Amino acid sequence: MGILGLSKLISDVAPGAVRESEIKHYFGRKVAIDASMSLYQFLIAVRSEGAQLTSADGETTSHLMGTFYRTIRLVENGIKPVYVFDGKPPELKSGELGKRQERRQEAQKALEKATEAGDAEQVDKFNRRLVKVTRTHAEECKKLLSLMGIPFVDAPCEAEAQCAALVKSGKVFATATEDMDALTFGSNILLRHMTFSEARKMPIQEFHLDKVLSGLELSKEQFIDLCILLGCDYCDSIKGVGPKRAIELIRNNGSIEKIVNNLDKKYTVPENWPFEYARKLFVEPEITDPEKIEVCFLIALKTSTIILFRAYS
């Protein structure tokens, strides 16, 4: 889910924090890529006649085809991708995962009805909603990346948090993901649309955290509280508090604690609201020390044939 409405809020309130760029401008850059997000996109988008691509024995291959060709495009544009895979989810995320499971169950029921009615468009729609990235998908892609000479990192917990740590340590230039919480975890630079900008003929959006903070007139701590108010994966938000109201409350009060103490009675704070734990997950996420991660490339470049050569960082 990421952070609800954060992208639009930044574009509206701090437009100077966002700039549009072409993929060629990242030539020579190392970029940490949220692997699970990419695999999810492939499983939805890489299809034939409304169904995922499969091997001769019926095994899904959409994630492998997508990863292979998209990685080749990135490398051909001089980008050095480092894929980062999710580890175990934090306990606080169980509520969000439960909601996703409920939505899948609802989609399954809707799919059955659409199938009975012979509505091909609705069948395709609900099939896409049932897509889920599994451990098998991830392991297959890791094997493919190894064969291609592309490095990957197994995060102990959230991939976005590990990506942000790699950026902050200088191991990579930016985080490439569609989830805005990479900024909440402290990634100095976030690239949206990088992994599909060429295919969809759209520019890459480059968000700079320092400009986001100055444009929103918030400290890092206040920005994290804003993200929790907007709605994140770890806890519910205050019902009725939208993006503009949320930033107004943070600016006027400075923290969620003060907001709760001064909040108008027309708003209802969630019972036993674990915002402090959510905040701690953003400030002190479980990550592998970037200094212990070696980013090396054995990159496949396409000429008349595919030639492998070693290019160490």
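Across the whole structure, a search finds six aromatic pairs, where rings of Phe, Tyr and Trp (its six-membered ring) pair if their centres lie within 6.5 Å, and planes under 30 degrees apart count as stacked, over 60 as edge-to-face and the rest as tilted. This is a predicted model, in which local features need pLDDT of at least 70 and side-chain atom pairs count only at pLDDT 80 or more, while totals for chains, interfaces and linings use all residues. Residues are numbered from 1 along each chain as its sequence is written, and side-chain values use heavy atoms, with hydrogens and water left out.

Two of the pairs are set out here.

| Pair | Centre to centre | Angle of planes | Kind |
|---|---|---|---|
| Phe85 and Phe152 | 5.9 Å | 85 degrees | edge-to-face |
| Trp273 and Phe275 | 5.1 Å | 50 degrees | tilted |

Phenylalanine 85 belongs to strand 5 (residues 80-85) and phenylalanine 152 to strand 6 (residues 152-154), so their pair ties together parts that are 67 residues apart in sequence; strands here are DSSP runs of E with at least two residues, and helices are runs of H or I with at least four, both numbered from the N terminus. Phenylalanine 85 is buried at a relative accessible area of 2%, whereas phenylalanine 152, at 27%, is partly exposed (buried means under 20%, exposed over 50%, partly exposed in between, with a 1.4 Å probe and protein chains only). Tryptophan 273 and phenylalanine 275 are both buried.

For the chain as a whole, the secondary structure comes to 13 helices and eleven strands, and 48% of the 313 residues count as buried.
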